[in-house]
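Look over the sequence and the model first, then read on.

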Amino acid sequence: MTMQIKPSVLISAAVENGMIDAETVAHLQVKARRERIDLLDAVTHHGRFPVSALYRALADVRGLPFIAPRALQVDQKLLAKIPDALLYRRAFLPVSEQGDKVLIATDNPDDQISLDMLRRILGRPIVLALADPEAIKAAIRETGRLLKPPTGDFDALGESDSVAELDCIFKQAYLNRATDIHFEPHQNGLRVRLRVDGRLQDYPAEFSEQEGQSLISRVKVLAGLDISEQREPQDGGITYHLPQPSGRELDIRVATVPTRFGERATLRIMGQGTEDLSLEGLGLSKKSLSQFREVIKRPYGMILLTGPTGSGKSTTLYGALNEINDPNCNIMTVEDPVEYPIDGLSQIQVSGKVSFASALRSLLRHDPDVLMVGEIRDAETASVALKAAMTGHLVFSTLHTNDAVSAVTRLADIGAERYLIAATLLAVIAQRLVRRLCVQCRRPREATDEEKTLLTGWDGRITLFDPVGCANCMGTGYSGRLGLFETLWLDRQVSDCIAHGASEVEITEAATGLSTLWSDGCEKVITGLTALEELKRVAVPPKQAE
């Protein structure tokens, strides 16, 4: 077992970096003693950040470099000089030579006795860098030097080991606010990746082929899947209870599929990022938020959310339903799957026997005031939804289109009557997600002439913000996500255009109040909420779109 730095040192660094305040730490100390839980666990679960964030915070406080897991490289020649016994007791990683010195990644810069021993062994001065201890262990393990006692067989995870390792993966996914966990087999074993803020990042440890099979089997057992079937895709679900101090329950959707190197599993953690289902946190401008609140309180009509998979449509829908949720209102939903349970709503999940259209027809016989259809995929579902909106119900749904105006032609293409679209459609909102700049470390600068040209509608001196990276954002420069919105509010002029078969260009010209994704993104870039590079990743400037 390696000797790591004292937890109090890490927690003090977190306080100094503003990740948590001293008063909260004092409260957590009392709670940890009373409930007999680890204080470090209590702090990380309260702040919802991984332990590695504390090591990054300590690096900032000490003025030391921090090496992210992906950047950890091993100098094999130098590693060979370090005895197994020292590696087992102390997590050191010789990274590279810097002139006559050696860059060493460590998890404990205060262990002077071991560092002096390392200097003598290497015969060189040492330059220290901090790293996550799990990442150091994983990097050394990949070289074939196991950080375990020399006795016993450690080539594969036993049943109890796979349970413990999967618990660690779920814990890291929760602390990192991950939305997905990927178990990806490859030629040499299994890689695990977490999707955080829309981007995939590596889990610190990699696993051998046998260990990977043990983990996949464990996942399949928890999800109620057939562990003997490895040649067909399977789907299932897990309800996982995080241990104290969190005590949270995770609803996880599991999908497996055979690949060239073995079974792959993808786990979607439902409800992540939807803990606060208020409309204010979505990123709508004040004007758009006011208009959206007005249309969702209409007695009948249809409101559509459009965008690709993973663009935040469901979160916006849930926020709207939560806003109008009232004991006097009968709200019913048809979803695939139910991503987030809301008290007061009747939520139905479609299955092989129940389609969107058939479920929607059934719901109309249950006296609904508001209906939410997870997605309009075909003419039958579109027809039932539009007729429901025509007959006195407020209907919410989603479509897969690139912008707001094309939702009209998409509905017409799948067989919806244009007069029904014109008579029922209240609003179409196209949506994308961008990463939110970390307010702790973002760096202001003046925009270049080229950037000023891109930022339509803004003149004069413009200040932009660039991502930097700190302990609060795990070195990414971003923390969380926010939505960009293109809003089409239908008035009589736009409805008449739709009814008379107008093209998308004509509808766009008629929609005088149309706010595009790019213009909404420009406003969020100027105000320092996101970076210009993030906007360019999801939207196209008007001149390029032409």
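Axes are lines fitted to C-alpha atoms, for helices over the stretch in contact, and angles run from 0 to 180 degrees between N-to-C directions. The model is predicted.

**The sheet and its helix**

Helix α8 (residues 133-142) lies across β1 and β2. Its direction makes an angle of about 75° with β1. The sheet is open and has three strands, in the order β1-β2-β3, with mixed pairing. β1 (92-98) and β3 (126-130) each have a single partner strand, so they stand at the edges, and one side of each has no neighbour in the sheet. From one strand to the next, the twist averages 30°.

Strands of a sheet pair through backbone hydrogen bonds, either parallel or antiparallel. Strand β2 (residues 101-106) pairs with β3 in the parallel sense, over five bridges. Ile104 has Leu128 in β3 as its bridge partner.

| Residue | Helix | Relative accessibility |
|---|---|---|
| Glu534 | α21 (residues 532-538) | 2% |
| Gly319 | α12 (residues 313-324) | 0% |

Why does Glu534 count as buried? Its relative accessibility is 2%, and buried means under 20%. Leaving aside neighbours within four places in sequence, Glu534 is in contact with Arg199, Val434, Arg435 and Tyr478.

Gly319 counts as buried because its relative accessibility is 0%. Gly319 and Ser278 are 41 residues apart in sequence. In space, Gly319 and Ser278 are 5.2 Å apart, C-alpha to C-alpha.

Terms used
Residues are numbered from 1 along each chain as its sequence is written. This is a predicted model: local features need pLDDT of at least 70, side-chain atom pairs count only at pLDDT 80 or more; totals for chains, interfaces and linings use all residues. Side-chain values use heavy atoms; hydrogens and water are left out. Helices (H or I, at least four residues) and strands (E, at least two) are DSSP runs, numbered from the N terminus. Buried means under 20% relative accessible area, exposed over 50%, partly exposed in between (1.4 Å probe, protein chains only). Contact means heavy atoms within 4.5 Å. Two strands pair if DSSP finds at least two bridges between them.
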